[in-house]
Amino acid sequence: MSTGRGPAGKAAGPSLTSVSAGRKVKDRVVQGLVYLAFLLALVPLVSVLWTVVVNGAKRLDPTFFQFSMNAVSGSDKGGGAYHAIIGTLEQVLITSLIAVPIAVLTAIYLVEYAGNGRLGKLISFTVDVMTGIPSIVAGLFVLALWLLTFGFDYSGLAGSLALTILMIPTVVRATEEMLKLVPNDLREASYALGVPRWRTVCFVVLPTAMTGIVTGVMLAVARVMGETAPLLLTIFFTKAINNDPFTGPQASLPTFIWEQAADPSQNSIDRAWTGALVLIGIIMLLNLVARFVARRKAPTGR
């Protein structure tokens, strides 16, 4: 009588490692949908980049980087965005110097020290609220407090303060999530060796999460570097070169693009497209530099 077993005495039938045809088909379908979604997400991105590159390349010449718009009307040829590039770099630098230390220290407190305390919950709630604040509200706040109440003049610093309000919550959330990903085993091993908590945070936790923190900072920089509304209210307009961000109105690339695009002259529109291309290029360059530095400073695991 047949027992239904094979030559080795094992039960006949599919093995545990085999995958049914139905599951293979479902896997292929889902994989195809993922690829399709990725391609659909790339369509607007590639379209925007291609449009900016094609239109911005018309005025991508040395003159654009060497001269300002001082004494140049909208319909005139020539002119450049040197004053706006300098203004943007200085404003973003001041913003980063103010926002990044505050945001990183806040995230460290929330993850390493706050626990379930009321203060930590209040700070976390405030950060969530700040994340949803429209950019123009930050500009209005700085305008009302810094310019109208305290009596300071329009300046690059005023614009940096408005951008700081927008940058802090983004960096806090990104840093907080990166710190949470650091395994607790690393902290416990450090504590077991008698290392104080602050040294553990500085020399164990932060280096481990540094790559993710830098990525979050660069995302925040990319966000604030393209903001226009708060800058329109705080730095005013100028076509001249102002290398001092603490005194007088100062230009920026977003306001330069806005001003040039509002002029119906084709020369102004060409300058606006080139300004947008330069802005994207600066963001990409800063991102590449930050990633390179983060990889050099990241732990090697040895």
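This is a predicted model: local features need pLDDT of at least 70, side-chain atom pairs count only at pLDDT 80 or more; totals for chains, interfaces and linings use all residues.
Local features need pLDDT of at least 70 and side-chain atom pairs count only at pLDDT 80 or more, while totals for chains, interfaces and linings use all residues. Residues are numbered from 1 along each chain as its sequence is written, and side-chain values use heavy atoms, with hydrogens and water left out.

The unreviewed UniProt entry lists "transmembrane region" for residues 33-53, 92-111, 123-148, 154-172, 201-222 and 272-294; such annotations may be inferred rather than shown by experiment. Residues 201-222 are 100% helix and 0% strand, with end C-alpha atoms 27 Å apart, and residues 154-172 come out at 89% helix and 0% strand, with 28 Å between the end C-alpha atoms. Helices here are DSSP runs (H or I, at least four residues), as are strands (E, at least two), numbered from the N terminus.

Beyond its neighbours within four places in sequence, Met167 is in contact (heavy atoms within 4.5 Å) with Thr95, Ser96, Ala99, Val100, Val217, Ala220, Val221 and Val224.

Salt bridges (a side-chain nitrogen of Lys or Arg within 4 Å of a carboxyl oxygen of Asp or Glu) number six in the whole structure. In one of them, Arg187 meets Glu112 at 2.8 Å, N to O. Arg187 sits in helix 7 (residues 184-192) and Glu112 in helix 3, so the pair ties together parts that are 75 residues apart in sequence. With buried meaning under 20% relative accessible area, exposed over 50% and partly exposed in between (1.4 Å probe, protein chains only), Arg187 is buried at 8% and Glu112 is buried at 9%.

Lys180 and Glu176 also pair up, their closest N and O atoms 3.5 Å apart; both lie in helix 6, four residues apart, about one turn of the helix. Arg223 bridges to Glu227 at 3.8 Å between the closest N and O atoms; Arg223 is partly exposed at 28%, whereas Glu227 is buried at 14%. Shared partners join Asp128, Arg173, Glu176 and Lys180 into one salt-bridge network.
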